[in-house]
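Thanks, everyone. Let me take you through one model, side chain by side chain.

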Amino acid sequence: MKLHGFNNLTKSLSFNMYDICYTTSASEQEAYIAYIDEVYNADRLTSILKNVADMIGAHILNVAKQDYVPQGASVTMLISEGPIEVPKEQPPVPQAVVCALDKSHITVHTYPEYHPNDGISTFRADIDVATCGEISPLKALDYLIRSFETDIMIIDYRVRGFTRDISGKKLFIDHDITSIQNYIPNDIRKQYDMIDVNVYQEHIFHTKCKLREFDLDSYLFELSKDQLTKEEIETITQKLRIEMDEIFYGKNMTPPK
């Protein structure tokens, strides 16, 4: 379609992933948090976001990153659909690139956490990709999924605003979409149970994914199920499944202790 002026549509992708682990002691819980902070530190996250920018065809204007104490990390990246031209009378000082003309950005925040009473440790990463113009954040969804060890995924996509075609008619979306699942490869879709909640007239799309296969060894930290009794295996498996279901369905299923 031919547009009048700049494409003013804002396309926002929110990707939330959860990695769940069973830790048998306080020292294991601390070791798990340290492991997560090392694997997903600010430098590693910055590399992931730079790859996302390349995939959607965006230009990086500015990067801010931070590792937090005691845990977690954040990266914020300003991007544009095309390179930003600095007027000749203004020198290219750092302050000039903070103003992103296309109002586009990519961010990631990580949240490792645990509770000492139940042995469950959970790592959450929130990635948000907001773009204006013709570039679409959905192009990077496959890469984002494969970049993290993901037990639960909660994905939201929304198109905001409007743009105009050359006749002046408003366009509230510029591409066809019926579900976020359309942008998830078949080999990944087969691994997850999925639920969609879509509001088509508002251009709001929501998909939740929970890993189908359950191998206890994948959820034990510095431990294997061969070291556990049958009763311990059943107890830990039940705790992990409840944790996954509570995150997936967004509600508590057992009373607090």
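I'll begin with the aromatic rings. Rings of Phe, Tyr and Trp count as a pair if their centres lie within 6.5 Å; for Trp that is the six-membered ring. Planes under 30 degrees apart are called stacked. Keep in mind that this is a predicted model. By that rule we get 9 aromatic pairs.

Take one of them. Tyr40 and Phe148 are stacked, with centres 5.2 Å apart and 20° between the planes.

The cut-off for buried is under 20%.

There is also a ring cluster. Tyr32, Tyr35 and Phe221 are linked into it by ring pairs.

Next, charges over rings. Lys208 places its charged end over the ring of Phe248, at 5.3 Å from the ring centre. Arg124 does this with Tyr111: its charged end is 4.1 Å from the centre of that ring.

Stay with Arg124, which brings us to salt bridges. What else does Arg124 contact? Arg124 forms a salt bridge with Asp126, and the closest N and O atoms are 2.8 Å apart. Arg124 has a relative accessible area of 25%, so Arg124 is partly exposed. Asp126 has 10%, so Asp126 is buried.

How many salt bridges are there in total? The count is 8. Two further ones deserve a slide.

Lys11 lies in strand β1 (residues 10-22). Asp174 lies in the loop between β8 (170-171) and α5 (186-189). That is 163 residues apart in sequence, so here again a pair ties together separate parts of the chain. Both Lys11 and Asp174 are buried.

The next slide shows Arg146 with Asp187. Their side chains meet in a salt bridge at 3.1 Å, N to O. Arg146 belongs to helix α4 and Asp187 to helix α5, so the bridge ties together parts that are 41 residues apart in sequence. Arg146 is at 48% relative accessibility, so Arg146 counts as partly exposed. Asp187 is at 39%, so Asp187 is partly exposed as well. Asp142 comes in here too: salt bridges that share partners join Asp142, Arg146 and Asp187 into one network.

Now the surface. Which residues make up the nonpolar patch? Ile195, Val197, Tyr249 and Met253 form it, and together they have about 340 Å² of accessible area. Met253 lies in the segment after α6 (230-249). Its relative accessibility is 38%, so Met253 counts as partly exposed.

Last, one annotated position. An unreviewed UniProt entry carries the annotation "modified residue: Pyruvic acid (Ser)", and that annotation covers Ser104. In the model, Ser104 is found in strand β4 (residues 104-114). What is its accessibility? The relative accessible area is 1%, so Ser104 is buried.

To recap the counts: 9 aromatic pairs and 8 salt bridges. Back to you for discussion.

How values were computed:
Residues numbered from 1 in each chain as written. Predicted model: local features only at pLDDT ≥ 70, side-chain atom pairs only at ≥ 80, totals over all residues. Heavy atoms only, no water. Phe/Tyr/Trp six-rings, centres within 6.5 Å; stacked < 30°, edge-to-face > 60°. Lys NZ or Arg CZ within 6 Å of the ring centre and 35° of its normal. Patch = residues over 30% accessible without salt bridge, like charges linked within 9 Å, V, L, I, M, F, W, Y side chains within 5 Å. Areas by Shrake-Rupley, 256 points an atom, 1.4 Å probe, with all protein chains shown as cover. Salt bridge = Lys/Arg side-chain N within 4 Å of Asp/Glu carboxyl O. Helix = DSSP H or I, 4+ residues; strand = E, 2+ residues; numbered from the N terminus. Buried < 20%, exposed > 50% of the residue type's maximum accessible area, 1.4 Å probe, protein only. UniProt positions renumbered as here; feature names shortened; annotations may be inferred.
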